[in-house]
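Subject: Structure handover

Hello,

Here is the structure I promised to pass on. Please open it first, then read the notes below.

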Amino acid sequence: MNVTMLGSNSDICKELAVRFLRDKDTVHGWVRHSRVPAEPWDLIVCGIGLLDPIGKFFDTDELSWESNIDANVLLPLRLLRKLWKYRNPGASVCFFSGAGVNRKAETYSAYAAAKMMLFKMTELLDDEEPSVKFFILGPGMVRTKIQRQTVLAGPRAANIERVMEFMDKGDPQHGAGTPHEKIYKCLRWCMKQPKGVIGGRNIYIPSDRWEEPDLLASALAEYPSLFKLRRLGDGKF
């Protein structure tokens with residue numbers, strides 16, 4: 001399998017690359033200011049991510065806020081346009097989601113809004129392109145260098161104490177964080193699923209029941225709106 005990684009210097013992508021290479025796959029990487037690899041691909045993994053600016057919306061710099069949207073969603077989509085012609089039949093595209101999908105993400109408005117747009121684009125692209133599977137994974141809390149942006153934000157980050165505790169010794173909710181091997185296994189699981197099961201879906205790695213044989217796959221096949229953005233209650237109120 002040929003894998004192209006966008007943001008290949010991210011900690012998650014580095015760990016995934018180790019595992020892909022272990023399993024005899026070919027890996028090509030992209031980092032900022034480098035050329036997009038003009039190589040055939042069976043899988044694109046997008047690990048590009050930026051938390052800053054952290055703080056209340058009206059306290060953040062306007063250009064920094066908009067730059068976050070560009071980094072987290074517009075840049076990945078631009079790169080995908082350039083790579084599209086190199087896709088192999090039956091290829092997959094994996095994005096990563098973030099805070100704000102199921103709960104508020106106080107002081108992370110740019111990051112959360114960008115990830116919600118990426119969430120929706122995953123679904124739209126999967127609908128438009130019948131030959132490629134698009135899905136987006138929520139890794140949960142992982143001990144990576146992106147957390148340093150929260151640490152440096154200090155009191156501007158609403159969750160600074162929780163993140164400091166997590167990075168120091170883990171916390172009751174997340175323990176030591178999602179293991180990289182589990183992220184890799186979930187990504188492999190997604191790739192094995194038919195497009196009708198995984199296409200356009202958001203899988204939360206730590207707690208969605210993808211490790212139980214056929215349970216989640218059967219539910220996703222039966223309920224087309226499961227793990228997608230939907231407004232509940234239409235026509236009822």
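In which loop is Leu 50 found? Leu 50 is in the loop between β3 and α2. Keep in mind throughout that this is a predicted model.

Leu 50 has a relative accessible area of 26%, so it is partly exposed. Setting aside residues up to four places away in sequence, Leu 50 touches Asn 68, Ala 71, Asn 72, Tyr 111, Ile 146 and Gln 149. Leu 50 and Ala 114 are 64 residues apart in sequence. In space, their C-alpha atoms are 9.8 Å apart.

The loop between β3 and α2 also holds Pro 53. A cis peptide bond joins Asp 52 to Pro 53. Its omega is about 5°. For background, most peptide bonds are trans.

**Two helix pairs**

Two packed helices are described by the angle between their axes and the distance between the axes.

Start with α2 and helix α3, which covers residues 109-128. Their axes come within 7 Å and cross at roughly 25°. Angles under 35 degrees count as roughly parallel. α2 and α3 are therefore roughly parallel to each other. The crossing of α2 past α3 is right-handed. On the α2 side, the contact is made by Trp 65, Asn 68, Ile 69, Asn 72, Val 73, Leu 74, Leu 77 and Leu 80. On the α3 side, the residues include Tyr 111, Ala 114, Met 117, Leu 118, Met 121 and Leu 125. Asn 68, Asn 72 and Tyr 111 are among the residues that Leu 50 touches.

Now α1 and α6. Their axes come within 10 Å and cross at roughly 65°. That makes α1 roughly perpendicular to α6. α1 passes α6 in a right-handed crossing. From α1, the contact is made by Asp 11, Ile 12, Glu 15, Leu 16, Arg 19, Phe 20 and Arg 22. From α6, it is made by His 180, Glu 181, Ile 183, Tyr 184, Leu 187 and Arg 188.

**Aromatic rings**

A pair of aromatic rings is described by the distance of the centres and the angle of the planes. How many aromatic pairs are there? The count comes to six.

Why is the pair of Phe 20 and Tyr 184 edge-to-face? The ring centres of Phe 20 and Tyr 184 are 5.1 Å apart and the planes stand at 80°, so the pair is edge-to-face. Phe 20 is in helix α1, and Tyr 184 is in helix α6 (residues 180-192). The pair links distant parts of the chain, 164 residues apart. Both Phe 20 and Tyr 184 are buried.

Then look at Trp 41 and Trp 84. Their ring centres are 6.3 Å apart and their planes are at 50°, so this pair is tilted. Trp 41 lies in strand β3 (residues 41-46), and Trp 84 lies in the loop between α2 (62-83) and β4 (87-96), so the pair ties together parts that are 43 residues apart in sequence. Both Trp 41 and Trp 84 are buried. Trp 41, Trp 84 and Phe 134 form one aromatic cluster.

Arg 143 lies over the face of Phe 166, at 5.6 Å from the ring centre.

**Positive phi**

Most residues other than glycine have a negative phi. Two residues to check here are Lys 24 and Asp 214.

Phi of Lys 24 is near 70°. Lys 24 is found in the loop between α1 and β2 (26-30). Its relative accessibility is 75%, so Lys 24 counts as exposed.

Asp 214 has a positive phi of about 70°. Asp 214 is in the loop between β6 (202-204) and α8 (215-222). With a relative accessible area of 59%, Asp 214 is exposed.

**Two buried loop residues**

Is Ser 8 buried or exposed? Ser 8 has a relative accessible area of 19%, so it is buried. Ser 8 is in the loop between β1 (2-6) and α1 (11-22). Not counting residues up to four places away in sequence, Ser 8 touches Cys 13, Lys 14, Gly 29, Trp 30 and Val 31.

Gln 193 lies in the loop between α6 and α7 (195-198). At 12% relative accessibility, Gln 193 counts as buried. Leaving aside neighbours within four places in sequence, Gln 193 is in contact with Lys 133, Ile 198 and Ala 217.

Best wishes

Terms used:
Residues are numbered from 1 along each chain as its sequence is written. This is a predicted model: local features need pLDDT of at least 70, side-chain atom pairs count only at pLDDT 80 or more; totals for chains, interfaces and linings use all residues. Side-chain values use heavy atoms; hydrogens and water are left out. Helices (H or I, at least four residues) and strands (E, at least two) are DSSP runs, numbered from the N terminus. Buried means under 20% relative accessible area, exposed over 50%, partly exposed in between (1.4 Å probe, protein chains only). Contact means heavy atoms within 4.5 Å. Rings of Phe, Tyr and Trp (its six-membered ring) pair if their centres lie within 6.5 Å; planes under 30 degrees apart count as stacked, over 60 as edge-to-face and the rest as tilted. A charge sits over a ring if NZ of Lys or CZ of Arg is within 6 Å of the ring centre and within 35 degrees of the ring normal. Axes are lines fitted to C-alpha atoms, for helices over the stretch in contact, and angles run from 0 to 180 degrees between N-to-C directions. Angles under 35 degrees count as roughly parallel, over 145 as roughly antiparallel, 65 to 115 as roughly perpendicular and the rest as oblique. A crossing is left-handed if the near helix is turned anticlockwise from the far one by less than a right angle, and right-handed if clockwise.
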